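Please look over the sequence and the model shown here before reading on.

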Amino acid sequence: MRFDSARRVGAAVRAAAAGLALFGLATPLSAETWPSKPITILVPSAAGGPTDTVARLIAESMTKTLGQTVIVENQGGAGGTIGMARIARTPADGYTLAIWHIAHATAPALYDGLKYNPVTDFDHIGRITDVPMTIVSKAGLPPSSIGALIDWMKANKDSASFGHAGVGSAAHLCALLFMSELKLQLAQVAYRGTGPAMNDLVGGQIDLLCDQTTNTTNHIKEGRIKGYAVTTKTRVSSLPELPTLDESAMKGFEVSAWHAMWAPRGLPKEATDKLVPALQAALQDPKVIERFASLGTVPVPLAQATPEALRSQLAAEVAKWDTVIKAAGVKGN
């Protein structure tokens, strides 16, 4: 009897040990189920702007690939630094991401005491698109060409206004470079994102804006605003009638708003291994390609939509804009 009891105890111990082993094996397997709940993409600017448009297209496509809802949340302010600081503090579980643009590279030069390092405090997922920009005005402005607009700006330098999406935004940088080339300083009106800036341009409250084709193309085509030129070296297919500044008025002028995806530093490998291919799949999604084309842009080549390529590009952009912004003596609020 004692032998049978000992045998039963031994069997129970072995069964318990096997159960613990299985439980231990279950931990890494459960990690492989990522994502198991909705994912949020934070856009650190107001809703309705060009980055918001890009993010919503990418989110829709990634929803299909990942099998979980990907939603977009907006949090504007301080040139995107409020939202990106939030991302830097967020747990690195793969459920909170960010899509932002060139302003991520300008933040260190613009903001003293920035609470994060754009290069080292984030995981880099990949670049998305390089968006051309356009010089546009309210619909009622008299000039009908970029040359005539420049003459008008010079004649009205004391009363004309140039809106932008906040200090350090792509719209702000474009405006700074444009006015610098003309050796003009117009009154600048800062907004919390290009959505509000565009609303005021359409409403006639400001005169000029340099904004991304993702935000201006439809407004130009429908006559709500007036387009004068694009800021890339080649014309854009969605607005073929607009000359480039390089060909028409300012030889060598070029600026674009590149967009990319980041996450809090320290993502689980399981999340990274799914996020990068999901982003790349979105860049090959026919709906995304078609919609981007209608807005005057295209997805980047897949070789640029990788963590390594984005990290390298961002580091170079931080160095480039540090020189430009310090020379201009501009600081964020």
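## Selected residues and helix packing

The side chains of Glu247 and Arg235 are joined by a polar contact of 2.7 Å, a term that stands for a pair of N or O atoms within 3.5 Å, where within protein one must be able to donate a hydrogen and the other to accept it, and where residues adjacent in sequence count only if both atoms are side-chain atoms. This is a predicted model, in which local features need pLDDT of at least 70 and side-chain atom pairs count only at pLDDT 80 or more, while totals for chains, interfaces and linings use all residues. Residues are numbered from 1 along each chain as its sequence is written, and side-chain values use heavy atoms, with hydrogens and water left out.

Glu247 belongs to helix α9 (residues 245-248), where helices are DSSP runs of H or I with at least four residues, strands are runs of E with at least two, and both are numbered from the N terminus. With a relative accessibility of 46%, Glu247 counts as partly exposed; buried means under 20% relative accessible area, exposed means over 50%, and partly exposed lies in between (1.4 Å probe, protein chains only). Glu247 and Gln280 are 33 residues apart along the chain, and their C-alpha atoms are separated by 34 Å.

Lys154, in helix α5 (residues 146-155), is also described as partly exposed, at 43% relative accessibility.

Leaving aside residues up to four places away in sequence, Asn215 touches Gly48, Gly49, Pro50, Thr194 and Met198, where contact means heavy atoms within 4.5 Å.

Two packed helices are described by the angle between their axes and the distance between the axes. The axes are lines fitted to C-alpha atoms, for helices over the stretch in contact, and the angles run from 0 to 180 degrees between N-to-C directions.

| Helix pair | Axes come within | Crossing angle |
|---|---|---|
| α2 (residues 50-66) and α11 (residues 286-294) | 10 Å | roughly 165° |
| α4 (residues 103-110) and α12 (residues 307-328) | 8 Å | roughly 45° |

Helices α2 and α11 are therefore roughly antiparallel to each other, whereas α4 and α12 are oblique; angles under 35 degrees count as roughly parallel, over 145 as roughly antiparallel, 65 to 115 as roughly perpendicular and the rest as oblique.

The contact of α4 with α12 has eight nonpolar, two polar and two charged residues.

Across the protein chain there are 12 helices and nine strands, and buried residues make up 52% of its 333 residues. The C-alpha atoms fill a box of roughly 110 × 40 × 35 Å, taken along the principal axes.

Technical notes:
Ala, Val, Leu, Ile, Met, Phe, Trp, Tyr, Cys and Pro count as nonpolar, Asp, Glu, Lys and Arg as charged, and the others, Gly among them, as polar.
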